[in-house]
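Please examine the model displayed here, following the chains in turn. The paragraphs after it are intended to be read alongside the coordinates.

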Amino acid sequence: MAGGLGRARGRGRFTPYLLVLPSGLWLLAFFAIPMVLMVSLSLQTGNLVDGFRQTFHWQNYTDGLSTYGDKFGRSLWYGLLATVACIVLAYPAAYWIAFRGGRHKSTYLFMLLLPYFVSFVLRTVSWKLVLTDNGPVLGPLRNHGVLPSGFHVLDTGFAVVSGLTYNFLPFMVLPIYVALERIDPRLVEAAHDLYASRVQAFARVVLPLSLPGVFAGVIMTFVPVSADYVNAEVLGGPRNTMIGNVIQSEYFDNSAYPVASALSFVLMAILLLGIFAYARALGTQDVLEAAGR
Amino acid sequence: MTHIDPALLRGLTRPRLARSDASRRDVLRLMGAAGAGLALSACGVKGQGGKANVDQSDVQKYWAGKAKTGKLNWANWPGYMQDDHATIKAFEKATGIKVTYKEVIQESGPWFGKIQAPLAAGQSIGFDLMVMTNGIQLEKCRQLGYLAPLDPSRLKNFAANAGAGFKNPSYDPGNAFTIPYESGITGIAYNTKYVKDEITSIAQLFDPKYKGKVGMMGDSQELGNFGMFLLGIDPEKSTPADWEKAAAKLREQRDKGIVRKYYTQDYVDAVSKGDVWMTMAWSGDVYSLTSPDVKFVVPREGGTIWTDNMCIPKTAENPVDALTLMDWLYVPANNAPLTEFVNYITPVPGTQQIIAAEAAKATGDEKKELTRLSTSPLVYPSPADMARLRHYRRLTQAEETQYQKIFEPIAKGS
């Protein structure tokens with residue numbers, strides 16, 4: 001009896017660890033070890049032919065920052081613009097589907113997500129066909145004198161931010177929709193019973209309850225948008241290069257692994273700091289909860 | 001001033017309440033940090049410098065025991081094969097080798113980035129034959145020992161039919177690893193619908209008159225060469241000081257807003273649709289364009305001549321089949337249909353007679369087209385033309401690092 005109980009208790013003690021083991025190993029193999037290797041690489045000097053040696057060359061960081069500092073600023077700025085644009089577009093759409101969608105809610109959601117079944121790059125490249133200077137949109141407008149002759153959309157910051165907004169929209173719509181969908185309609189009715197106008201009911205009841213969804217959406221869009229390079233590559237010109245493009249070309253075109261790693265770490269640090277400040281300021285609990293849904 | 005909740009500031013700046021197991025965590029943290037420190041100093045990336053010079057024994061060692069498998073995976077650039085793959089079909093029929101053809105190479109740098117890791121690890125890249133431009137990346141592949149040494153005894157057609165200028169090139173002495181696929185010229189393409197002047201000079205790419213309507217190439221060697229041509233410098237004989245001067249000119253051109261975009265392959269579309277009015281371009285691309293408005297010129301300062309080379313990655317699974325194709329393409333009758341389509345400079349001069357003979361038999365538009373091709377200086381350049389063209393500079397590893405540092409940031413806006 002006693003032995004049996006002990007065994008059971010012993011197994012119980014280790015169960016949590018065993019349950020964590022697979023994901024722990026996964027994190028170790030595909031996150032922790034690569035991170036250490038990358039930190040190491042970011043401090044090395046050398047080239048592909050002669051090899052790279054660890055020299056604790058901190059200049060990789062300062063060189064990278066001094067050459068490409070403006071690209072960090074631009075990436076964060078574009079990230080901010082695209083995230084705000086996503087909120088403005090996504091909130092009304094999610095609101096409408098959640099409260100006015102009726103029994104076709106899932107159909108509407110599906111329609112919203114349908115374009116995203118096509119590859120990310122293909123979708124971006126097709127914008128290029130649509131927006132070309134003499135293409136189906138700009139050509140007629142210019143011919144009718146609506147647009148000045150030098151006007152173009154492709155290869156501008158506007159095109160890049162629009163592309164980013166378009167590509168990451170679902171990551172904003174879905175969390176907001178989930179948050180709105182969970183709001184008990186009786187709460188709104190109760191607000192009306194207490195003589196709240198429609199605007200007041202929205203501002204005092206619906207909006208606060210949906211904010212966790214917005215927080216989660218911001219994290220899910222801002223981070224990947226700031227690190228994106230496809231949109232700037234396809235839709236941008238020489239003045240729209242983002243830090244992702246620089247890292248990509250340092251790594252793949254130049255095989256300058258140390259500088260590329262250093263730049264990646266700086267980007268990661270900036271984004272992490274931003275997220276922590278954001279989460280602290282607006283309530284970690286809510287954000288993680290919403291993101292985890 | 002709006003009121004800021006002091007709790008917010010506290011939350012942002014102060015650590016959270018310590019937990020009871022803080023000390024144990026600290027120890028773990030310390031251990032983790034120490035471990036990471038050790039790992040940081042221990043690991044490095046080994047140099048992969050291989051043998052750039054091969055002799056007979058290397059060739060024998062590589063090809064011993066290798067046999068035809070009947071399969072071939074071929075990586076090539078876009079626009080380098082008839083749309084209906086006629087040349088591949090003819091090859092399959094003649095040899096029984098089944099070819100999988102993929103247009104996966106868009107730009108030398110990214111292609112090298114893609115294949116470098118598997119080749120360094122000795123793994124297959126999924127291709128037995130690839131076409132690489134003579135330049136920084138091909139040089140690296142040679143130096144790093146990523147390429148299979150070619151067996152001259154199986155390249156009889158190449159020996160018999162390759163043009164004199166295509167054998168034993170400076171970038172691959174003795175054709176140890178490569179034989180040419182096609183050569184081409186980097187010059188200027190312009191759309192006559194928008195550009196009313198005649199374009200003859202590189203200086204016109206820098207003319208503020210065409211602000212926002214000029215395309216340049218993103219590849220640092222192509223871009224750097226044009227900066228040097230503008231200053232009257234021969235890239236092959238250039239020095240780092242020349243590079244700095246050329247880079248300054250190219251930056252000026254960019255910062256004045258003259259350059260709309262730095263292109264890889266997509267300039268063809270942009271110039272024919274009018275997004276840019278003139279652009280750096282490769283000769284054959286423009287010749288195969290259906291749009292009659294786009295013209296190609298070799299600027300009077302000079303153009304670059306480059307060669308795209310067929311080579312076999314060392315880890316190829318079907319190297320004998322790859323070598324068979326390489327040699328098969330050097331039979332003039334096999335090469336002629338390909339040349340008719342791609343419009344680049346063929347390494348097989350024997351095709352000129354075949355195309356001329358076809359032209360004599362043909363009628364109407366086809367006759368006109370074939371005649372144009374067989375007499376085109378861009379497909380069969382005269383010795384005088386060749387003299388005006390310049391070659392890429394070969395760069396040592398140290399020079400390359402310096403070169404890239406000077407030219408690479410330009411297209412990235414820095």
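The model is predicted; local features need pLDDT of at least 70, side-chain atom pairs count only at pLDDT 80 or more, and totals for chains, interfaces and linings use all residues. Residues are numbered from 1 along each chain as its sequence is written, while chains are lettered from A and ligands numbered from 1 in the order in which they are written.

Chain B contains 17 helices and 11 strands, where helices (H or I, at least four residues) and strands (E, at least two) are DSSP runs numbered from the N terminus. Of the 414 residues in chain B, 43% are buried. A residue is buried if 20 or more other C-beta atoms lie within 10 Å of its own, exposed if 12 or fewer, and partly exposed in between, with C-beta atoms placed from the backbone. Among contacts in chain B between residues at least 6 apart in sequence, 79% join residues at least 24 apart; two residues are in contact if their C-beta atoms, placed from the backbone, lie within 7 Å.

The contact between the chains takes 39 residues from chain B and 37 residues from chain A. On the side of chain B that touches chain A, the elements supplying at least two residues each include α1 (6-13), α2 (22-42) and α17 (397-411). The most comes from α17(B), with six residues. By class, this side of chain B has 13 nonpolar, 17 polar and nine charged residues. Here Ala, Val, Leu, Ile, Met, Phe, Trp, Tyr, Cys and Pro count as nonpolar, Asp, Glu, Lys and Arg as charged, and the others, Gly among them, as polar.

Within chain B, helix α4 (residues 86-95) has the buried residues B:T87, B:I88 and B:F91. These cover an arc of only 100° around the axis, which puts them on the same side of α4(B); the arc is that of the directions from the helix axis to the C-beta atoms. An α-helix has 3.6 residues a turn, so residues three or four places apart point the same way. The face turned away from the buried side of α4(B) carries the exposed residues B:K89 and B:K93. Cover for the buried residues of α4(B) includes β3 (98-102), α12 (319-328) and α13 (332-342) of chain B. Just after α4(B), B:G96 adopts a positive phi of about 75°.

In chain A, helix α6 (residues 157-181) packs with helix α8 (residues 198-227) at an angle of about 155°, their axes being 7 Å apart. Axes are lines fitted to C-alpha atoms, for helices over the stretch in contact, and angles run from 0 to 180 degrees between N-to-C directions. α6(A) and α8(A) are therefore roughly antiparallel to each other (angles under 35 degrees count as roughly parallel, over 145 as roughly antiparallel, 65 to 115 as roughly perpendicular and the rest as oblique). The residues of this contact of α6(A) with α8(A) divide into 15 nonpolar, four polar and no charged.

A:N231 lies in helix α9 (residues 230-235) of chain A and is buried, with 29 other C-beta atoms within 10 Å. Although A:N231 and A:G163 are 68 residues apart in sequence, their C-alpha atoms are 6.0 Å apart in space. The residues that A:N231 touches, not counting those up to four places away in sequence, include A:T124, A:V160 and A:G163.
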